[in-house]
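Work through the exercises below with the sequence and the 3D structure at hand, and try each task before reading its solution.

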Amino acid sequence: MTVSKDEANDLFHALIRLQKLMLAAKSSAPRVNAALDAGAYPTLFTIARLGPVGISDIASLVHSDVSTVSRQVSSLVSHGFLAKQSDPSDGRASLVSLTDAGHDVLGHVQHVRGTWFQGLLDDWESDEAHEFTTHLQRLGEALDRNLRDRGDAPPAAYTASPAAAGRGTATPARPVTKEN
């Protein structure tokens, strides 16, 4: 059976609430390592998963801009968590990889965060956590595909006009183009 619009909206609202809670938890969580900004975790995890990788590839994978990822990488390199090397296929570019210290700090982050999440899930069964993870990964893949398919343009859906807000009426979104 297809998911209804109401069910989709319920899920969307639950995810928005979860996103806000995760941001609140992130901002109030103790720092795992004083030199490691939690905002750089996606960059660190991506590099750990892929091995030597270019900054623009990291930015694309984490849906961030190159300048942000470049600053994160510079900070991680200066703290000894990453090493830069010349890209053998393009001498102008660099590849980054985890150092031993990077592997150590990543292991520590995963241990601390894993312990915290394990406590949050203390009344869950293992199969529930596995099923939930599978569904979240599936939703993540769908969202990633959607973002990549759209490129820089917003979805070709509708956005509520200020006059129609709250009445369920919508007006077509104006497509964003390079000329706008």
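**Exercise 1.** Work out how far apart tyrosine 41 and phenylalanine 45 are in helix 2, and classify their pair of rings.

*Solution.* Begin with the helix (a DSSP run of H or I with at least four residues, numbered from the N terminus). Tyrosine 41 and phenylalanine 45 both belong to helix 2 (residues 41–50), and because they are four residues apart, about one helical turn separates them. Before going on, note that this is a predicted model, in which local features need pLDDT of at least 70 and side-chain atom pairs count only at pLDDT 80 or more, while totals for chains, interfaces and linings use all residues. Residues are numbered from 1 along each chain as its sequence is written, and side-chain values use heavy atoms, with hydrogens and water left out.

Next, search the whole structure for aromatic pairs, which gives three. Rings of Phe, Tyr and Trp (its six-membered ring) pair if their centres lie within 6.5 Å, and planes under 30 degrees apart count as stacked, over 60 as edge-to-face and the rest as tilted. For tyrosine 41 and phenylalanine 45 the centres are 5.9 Å apart and the planes stand at 50°, so this pair is tilted.

Finally, look at the accessibility (buried means under 20% relative accessible area, exposed over 50%, partly exposed in between, with a 1.4 Å probe and protein chains only). Tyrosine 41, at 8%, is buried, whereas phenylalanine 45, at 32%, is partly exposed.

**Exercise 2.** Classify the ring pair of tryptophan 116 and phenylalanine 117, and find which elements give two or more residues to the nonpolar patch.

*Solution.* The ring centres of tryptophan 116 and phenylalanine 117 lie 5.0 Å apart with the planes at 90°, so the pair is edge-to-face. Tryptophan 116 is partly exposed at 37%, and phenylalanine 117 is likewise partly exposed, at 34%.

Both residues are among those that make a nonpolar surface patch of about 920 Å², which also includes Met22 and Trp124. Such a patch joins nonpolar side chains (Val, Leu, Ile, Met, Phe, Trp, Tyr) within 5 Å, and like charges within 9 Å in a charged one, using residues with over 30% relative accessible area and no salt bridge; a salt bridge is a side-chain nitrogen of Lys or Arg within 4 Å of a carboxyl oxygen of Asp or Glu. The elements that give two or more residues are helix 1 (5–28), helix 5 and helix 6, and helix 1 gives the largest share, four residues. Methionine 22 is found in helix 1, and at 38% relative accessibility it counts as partly exposed.

Terms used:
Areas by Shrake-Rupley, 256 points an atom, 1.4 Å probe, with all protein chains shown as cover.
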